[in-house]
Structure formats: structure tokens, C-alpha cells
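Trainee: Hello! Could you walk me through this structure and show me how to read its features?
Mentor: Gladly; let us look at it together.

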Amino acid sequence: MGNSFIILHLELNAIKHFLDYIIQGSGEEIGEISQKNENGYFNEFDDYENAISYPLLRQEIAVRAVFYEITSLVEHELQNSAQKAWQLSKKHKGPKSLLELCNLPNRDIRPLKMVSDLKFSDILKLIEEYYQIKAARLPGYTSVLKIREIVNAFKHRKGFKDFRKINPSKINLELYRPEVEEAYDAVKQTEIFIKALWAVTEHKTKS
């Protein structure tokens, strides 16, 4: 587990360093553009808006990139935690290993099943049933779930919230607008959640 902690720390630090680099660079550029605007550099306000839109957009993209990376990391850790439960599951049929494929005609690898094929909800259910825990009670869970929801919103709906879940009797189009501070907090909450996940699954495995 010691090496896992080190690797997790390095991965999250790399994500944070990326965010630091983008925010610092774009922040300096925004300051320079604002100073030029005060000095009358731009003839039209539209010119100023166009100039400042690029560093602002870089910040938005950086925040979303952090959320994407964190979501990928969390899903990978959940898949790892569900591996044993998935292997033993009667509900989720195989073949689940290359050894099982040896008994199949022509040893075709296409029927091979992997835990990564499962839906997010199925992976959570496997973990909860196998380790007798509630994922929602783990610290950081609410944060990583919200991050995943935001990532899916940008992936499938250009950042719009699912209006069906906001008000069932009214169509209300709302955009997710994650801020830089939320991205930094997301890195922190992700580390808290993954370590909590490791703690309960490792404890249950040994007990």
C-alpha cells in the first residue's frame, strides 16, 4: 500500500502542477491585457473582449481537464477495488480471464469480459456488496460524484445540466461553470476519497 500512496500523491501533484501552470500563465496574460485596456491600447471594447477571452478560455479548459483526469483516476481505483467481487460474481458472467479462454474454441479473445466493461453504478454495487460498505458514507464521495456529473455534462451536453433532474415539471437550461477554486478542492477531495476507499477495502480484505 505504501507504493500506492506514493503513486497517488505523484499523480495528483502532477494534475495540480498542470493547473498551477495554466492559471499562473493565463492570469499574467489577463493582467497585461487589462493594463493595455486601461492605457487605451484597444480602439474598440470588442477588441479587448476578444483578447481577454483566450486566457479566460484556457482557464476554463484547464479546470475541465482536471475534472476529466480526476474522474478517470477515481474510476480506475473503483475498478481495482471491484476486481475481486467481479471475479466471484455469478451475476456477471465470464470468461473473465485468459485462462478461461483456453477452454473456448479457437481461443478467440473477443468474448473476454473485463471489469472496466461494467457501468459505474454496477461497479459501486459490487464494491458495496462485497465489502459490506456504503460508498456514499466515504469522505470525498459527494465531491467525486459531482465532478463525474460535470464531466458527463460537458462530454454529452456541452456543459448543460440534465434539466430532468432539476425540476421535473419545468425545462430549465443551466450550465455548469466550475471555478478554479473548485478544481483545486477537487484534487484534495479525490485524494481523501481514494484513501478512504483503500482503507475500508484493505481492512475488509484482511478481516
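Mentor: Let us begin with one glycine. Setting aside neighbours within four places in sequence, Gly-159 is in contact (heavy atoms within 4.5 Å) with Ala-153, Phe-154, Glu-174, Leu-175 and Tyr-176. Before going on, please note that this is a predicted model, where local features need pLDDT of at least 70 and side-chain atom pairs count only at pLDDT 80 or more, while totals for chains, interfaces and linings use all residues. Residues are numbered from 1 along each chain as its sequence is written, and side-chain values use heavy atoms, with hydrogens and water left out.

Trainee: Where is Gly-159 found? And is Gly-159 buried or exposed?
Mentor: Buried means under 20% relative accessible area, exposed means over 50%, and partly exposed is in between, using a 1.4 Å probe and protein chains only. Gly-159 has 0% relative accessibility, so Gly-159 counts as buried. Its place is the loop between helix 5 and helix 6; helices are DSSP runs of H or I with at least four residues, numbered from the N terminus. For a sense of distance, Gly-159 and Asn-103 are 56 residues apart in sequence and 47 Å apart in space, C-alpha to C-alpha.

Trainee: Which residues does a cis peptide bond join here?
Mentor: Gly-94 and Pro-95, with omega about 5°. Pro-95 lies in the loop between helix 2 and helix 3 (98–101).

Trainee: How many salt bridges does a search of the whole structure find?
Mentor: The general idea is that side chains of opposite charge can pair when their charged atoms come close. A salt bridge here is a side-chain nitrogen of Lys or Arg within 4 Å of a carboxyl oxygen of Asp or Glu. The search finds 6 of them. One of the pairs is Asp-20 with Lys-16, at 3.3 Å from N to O. These two are 4 residues apart in helix 1, so about one helical turn separates them.

Trainee: Which residue forms a salt bridge with Glu-29?
Mentor: Arg-58, with the closest N and O atoms 2.5 Å apart. Glu-29 lies in helix 1 and Arg-58 in helix 2, so this pair ties together parts that are 29 residues apart in sequence. Both are partly exposed: Glu-29 has 27% relative accessibility and Arg-58 has 34%. Glu-174 is in the loop between helix 6 and helix 7, and Lys-161 in the loop between helix 5 and helix 6, so they tie together parts 13 residues apart in sequence.

Trainee: How far away is the nearest side chain of opposite charge from Glu-77?
Mentor: For charges, Lys and Arg count as positive and Asp and Glu as negative, while His and the chain ends are not counted. For Glu-77, that nearest side chain is Lys-195, 12 Å away; Glu-77 is buried yet has no salt bridge. Glu-77 is in helix 2 (residues 45–88). Beyond its neighbours within four places in sequence, Glu-77 is in contact with Ile-194, Leu-197 and Trp-198.

Trainee: How many residues does the largest nonpolar core have?
Mentor: A nonpolar core is a set of buried Ala, Val, Leu, Ile, Met, Phe, Trp, Tyr and Cys residues joined through side-chain atoms within 4.5 Å. The largest one has 45 residues, and those with the most contacts inside it include Val-66, Leu-78 and Phe-193. Helix 1 (2–38), helix 2, helix 4, helix 5 and helix 7 (180–206) each supply at least two residues of this core. The largest share, 11 residues, comes from helix 2. Apart from this core lies another, of 5 residues, among them Ile-30, Ile-33, Tyr-48 and Ile-52.
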